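Colleague: I'm new to reading models like this one. Could you take me through one part of it slowly?

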Amino acid sequence: MPDGEQQRDLGSRGTRDARDPQDAAGDVVDAQESDTARRRRRAQFLRELHEAKQLRDRVQPRRARAARMRQQMRMRTFRW
């Protein structure tokens, strides 16, 4: 790498470092907002998934009963 490119890279890094505390504070706020948004989306997804499973169980009672029996068998044969 020629010396001119190294100096430009160092110069750009120096100006970016001066802004880092402000960017870091902004990143923390963004991370908290995105975390709460992610939790909200996850909760909504899980509610819809639970509702869909309940609907499937009502629509297909034989399959739901067989699934319950299989789950009970798995739990009976599970060793702690």
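Predicted model: local features only at pLDDT ≥ 70, side-chain atom pairs only at ≥ 80, totals over all residues.

Colleague: Which residues form a nonpolar patch on the surface, and how much accessible area do they have together?

Modeller: Happy to. Residues are numbered from 1 along each chain as its sequence is written, and side-chain values use heavy atoms, with hydrogens and water left out.

Now your patch. Phe45, Leu46 and Leu49 form it, with about 270 Å² of accessible area together. Accessible areas come from the Shrake-Rupley method with a 1.4 Å probe, and for residues only the protein chains shown count as cover. A patch takes residues with over 30% relative accessible area and no salt bridge; nonpolar side chains (Val, Leu, Ile, Met, Phe, Trp, Tyr) are joined within 5 Å, like charges within 9 Å.

Take Leu49 from that trio. Leu49 sits in helix H1, and its relative accessible area of 34% makes it partly exposed. That label covers the range between buried (under 20% relative accessible area) and exposed (over 50%), using a 1.4 Å probe and protein chains only.

Arg38 makes a salt bridge with Asp35, their closest N and O atoms being 3.3 Å apart. The term means a side-chain nitrogen of Lys or Arg within 4 Å of a carboxyl oxygen of Asp or Glu.

Because Asp35 and Arg39 are four residues apart in helix H1, about one helical turn separates them. Arg39 counts as exposed, with a relative accessible area of 53%. Shared partners join Asp35, Arg38 and Arg39 into one network of salt bridges. A search of the whole structure finds two salt bridges.

To zoom out, the protein chain has two helices and zero strands; these are DSSP runs numbered from the N terminus, with helices (H or I) of at least four residues and strands (E) of at least two. Of its 80 residues, 1% are buried.
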